[in-house]
Amino acid sequence: SDNYALKAKFFSADGVAPGIDVRMSGVKVGSVGDLTLDPKTFEAVVSLDIGKQFEVPSDTSAKISSDGLLGGSYISLEPGGSEYPLEPGEEIERTQGSVSLIDLLGKAVHSATQ
C-alpha cells in the first residue's frame with residue numbers, strides 16, 4: 001500500500017465520513033479510512049490513511065474543518081516542530097472536533113441581545 005494509518009479521537013466528528021480529505025497546509029496528504037466509536041470514552045475514533053511520502057511529526061494536532069459555510073468537512077493536520085514522525089498505527093493526541101454553525105449563530109445572537 002502507498003499509505004499508512006494514524007488514529008485521532010474526537011469528541012464530535014460531525015461531517016466526517018470515510019473518504020473525506022486529510023490536509024496539511026491546505027494540501028491533501030491522505031483521506032479518512034474508517035470511523036468508529038470508542039465504547040469506553042464514547043469518542044469518535046477516526047482512522048487516517050496518510051500517503052507514505054508524508055511524515056507527520058509526533059506533536060501534530062488534528063482538527064475537523066469545513067470548506068466555507070456550505071462546503072464539506074475535512075481533517076486538517078497542523079504539524080508541530082518535532083523531528084520525530086508518528087509511526088504507523090500511532091495516535092494524534094491533540095484534536096479539536098467539529099464546530100456546529102448553528103451553535104455559533106445561537107451564541108452570537110444570545111450575546112448580541114444581552
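1. S61 first: its relative accessibility is 14%, so it counts as buried (buried is under 20% relative accessible area, exposed over 50%, partly exposed in between, with a 1.4 Å probe and protein chains only). Keep in mind that this is a predicted model, where local features need pLDDT of at least 70, side-chain atom pairs count only at pLDDT 80 or more, and totals for chains, interfaces and linings use all residues. Residues are numbered from 1 along each chain as its sequence is written, and side-chain values use heavy atoms, with hydrogens and water left out.

2. S61 sits in strand β5 (strands are DSSP runs of E, at least two residues, numbered from the N terminus). Setting aside neighbours within four places in sequence, S61 has contacts with S76, L77, E78, I92 and R94 (contact means heavy atoms within 4.5 Å).

3. Now the pairing around β5 (two strands pair if DSSP finds at least two bridges between them). Strand β5, residues 61-66, runs antiparallel to β6, with six bridges; I64 has I75 in β6 as its bridge partner.

4. β6, residues 73-78, also pairs with β2, residues 21-24, this time parallel and through three bridges. Here M24 is bridged to L77 of β6.

5. Elsewhere, β3 (residues 27-37) and β4 (residues 44-51) are antiparallel, joined by seven bridges. L37 lies opposite A44 in β4.

6. Putting the strands in order: the open, mixed sheet has eight of them, β7-β1-β4-β3-β2-β6-β5-β8.

Definitions and conventions
Helix = DSSP H or I, 4+ residues; strand = E, 2+ residues; numbered from the N terminus.
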